[in-house]
Amino acid sequence: MHLPFLGPRHKKNGDARLPADPEAVAALLSECELLRSQAARAGVRLDDTPASLEALDQMVPRWRDDPETLPGLGHDAGLYLGTVVVRTVPGAAWQIRSDGEPVVRLASGRAVEVVPAGQEWAASGVPELSQLYAEIAES
């Protein structure tokens, strides 16, 4: 996901830094409209908490029958996982790589590629989002 509207990026160690307002970027990345609408239809409230990831893991995956919905939903699931991590794990923050892909940078310096994880979850349900969150939060 290339985000050209975020403005000029400065490279350091192959990664791009977020613009001056990382909270605005976090708000933008947390929108996840497709995932939020699917969850709302299933009665799941996405409140940016680890418990909401558990609720997503329990949803019936009706989207797997729709090849047009699957990629977007997986992308949103990854961004939502990242949103929960950024909002609940101390020191975690969004970072945009030089290729335009958003990753979560942990206080330890580890970069977590959440979008591919969300795409795997949407396609197969494995690994579960709540399990991924637990592994990331332990780091």
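## Packing of helices α3 and α6

In this predicted model, helix α3, spanning residues 50–58, packs against helix α6, spanning residues 129–138. Their axes lie 7 Å apart and form an angle of about 145°.

On the α3 side, the contact involves Pro 50, Leu 53, Glu 54, Leu 56 and Asp 57. These residues meet Leu 129, Ser 130 and Tyr 133 of α6.

## Salt bridge between Arg 36 and Asp 48

Five salt bridges are found in the structure as a whole. One of the pairs joins Arg 36 to Asp 48, with 3.0 Å between the closest N and O atoms. This pair connects distant parts of the chain, 12 residues apart: Arg 36 belongs to helix α2 (residues 33–41), while Asp 48 lies in the loop between α2 and α3.

The two partners can be described by their accessibility. Arg 36 is partly exposed, because its relative accessibility is 24%, whereas Asp 48 counts as buried because its value is 13%. Arg 36 and Asp 48 also belong to a network of salt bridges that includes Arg 87.

## Further salt bridges

Asp 47 pairs with Arg 45 in a salt bridge whose closest N and O atoms are 3.4 Å apart. Asp 47 is partly exposed, at 32% relative accessible area, and Arg 45 is exposed, at 64%.

A salt bridge also forms between Asp 99 and Arg 97, where the closest N and O atoms are 2.7 Å apart. With a relative accessibility of 43%, Asp 99 counts as partly exposed.

Technical notes. Residues are numbered from 1 along each chain as its sequence is written. This is a predicted model: local features need pLDDT of at least 70, side-chain atom pairs count only at pLDDT 80 or more; totals for chains, interfaces and linings use all residues. Side-chain values use heavy atoms; hydrogens and water are left out. Axes are lines fitted to C-alpha atoms, for helices over the stretch in contact, and angles run from 0 to 180 degrees between N-to-C directions. Helices (H or I, at least four residues) and strands (E, at least two) are DSSP runs, numbered from the N terminus. Contact means heavy atoms within 4.5 Å. A salt bridge is a side-chain nitrogen of Lys or Arg within 4 Å of a carboxyl oxygen of Asp or Glu. Buried means under 20% relative accessible area, exposed over 50%, partly exposed in between (1.4 Å probe, protein chains only).
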